[in-house]
Amino acid sequence: MAFALGQLSLGGTDWIGADCTPDGRWVGVRVRAARSGRGLPVVVKSAQSSGISMGEQAIAELAKELGTASWTYPLARGDYQMLVVPEPPTLESEIESSLRWTLSSMVDFPIDQCIVQWMRIPTAEFDTEHEKQLYVIVARDQTVDEQASPFRSAKVPLKAVEVRETALRNVAALLERKDEGIGLVTLGATGVTTTFTFRGELYLDRFIAQPLEEVLDDEPAKQLRFMDRIATQVYQSMDLLGRNFPFINVGRIVVGAAPGLDIASHLRGKLPVPVDALELSQVLNLDAVPELRKPEMQSRYVVAIGAALRGNKGAA
């Protein structure tokens, strides 16, 4: 098992993505990559744990349904830090050691007890004067090991630990049209994520920390204010993206479903670009899993699907 970002570009390989949902159940999907750049990635099967199982038992339930393949699991946001730092002017092989020295004063725990992964924010092709920057993910060794432990106990072959930003980037990358920047808005148990991508790469990620359960239990006026807050953050993020990466033309905002909240409709008219509801059947073959055609189910499984898209050659 490895802590790794993005895709491994193993065309034709099945990956199983697992995720824990707001109600505490585990969900999983098995995704088969598109072959040779033709056709759509195929969601082979989906599954969710029973309402009373947890940890090892829940994972074992998923494994019984989804079978043997390469498994990946995205950490919860509180289990890692994601930072933007200048790219060190050093050899590629020395970047990690240089980052560890830089990060030692930026994280709240000893850097020698951490796993460090990085990926470039690609600007050189479009703006040679732009400062080279990296996304750096830092997680404690102990945390990653604890998250992997129930998979080991369930005898499930966890091959990679993912982060949520890159899992959602994989989904946004599929939704992009040619030379189009896109913003993907998704709601999870702990808040709202907006993921901006261009040519399959992550350029900006924004998060509103707000437990979804609290919003759904609130009165309508407060729900409207919450959706206004989302609109404001998306608008400000688009402005920030335009100033920092002027070569990106954000063509659309795509919004995942949320129970009792029509966020897509609310954002229309408040943003200077079209707003679409998330429809994964446009970019994934869902013939084997018709239950995932429902918008609420797509939002429930979206992070697991993104994690399982590691093997898709079409993703960045």
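This is a predicted model: local features need pLDDT of at least 70, side-chain atom pairs count only at pLDDT 80 or more; totals for chains, interfaces and linings use all residues.
1. Five strands make up an open sheet, and their order across it is β12-β11-β10-β13-β14. The pairing in this sheet is mixed. On average, neighbouring strands are turned by 20° against each other, with direction ignored.

2. The edges. Which strands pair on one side only? They are β12, covering residues 201-209, and β14, covering residues 275-277. These two are the edge strands of the sheet.

3. Strands β10 and β11. Strand β10 comprises residues 181-187 and is joined to β11 by 7 bridges. The two strands run antiparallel. Within this pair, L187 stands opposite V192 of β11. A hairpin of 3 residues leads from β10 to β11.

4. Strands β11 and β12. Strand β11, residues 191-198, also runs antiparallel to β12, to which 8 bridges join it. Here V192 is found opposite I208 in β12.

5. The turn between β11 and β12. The hairpin of these strands has 2 residues between them. In this hairpin, R199 adopts a positive phi near 50°.

6. Burial of β11. Is β11 mostly covered or mostly open? It is mostly covered, as 8 of its 8 residues are buried. In the order of the sheet, β11 lies between β12 and β10.

Note on methods. Residues are numbered from 1 along each chain as its sequence is written. Side-chain values use heavy atoms; hydrogens and water are left out. Two strands pair if DSSP finds at least two bridges between them. Helices (H or I, at least four residues) and strands (E, at least two) are DSSP runs, numbered from the N terminus. Axes are lines fitted to C-alpha atoms, for helices over the stretch in contact, and angles run from 0 to 180 degrees between N-to-C directions. Buried means under 20% relative accessible area, exposed over 50%, partly exposed in between (1.4 Å probe, protein chains only).
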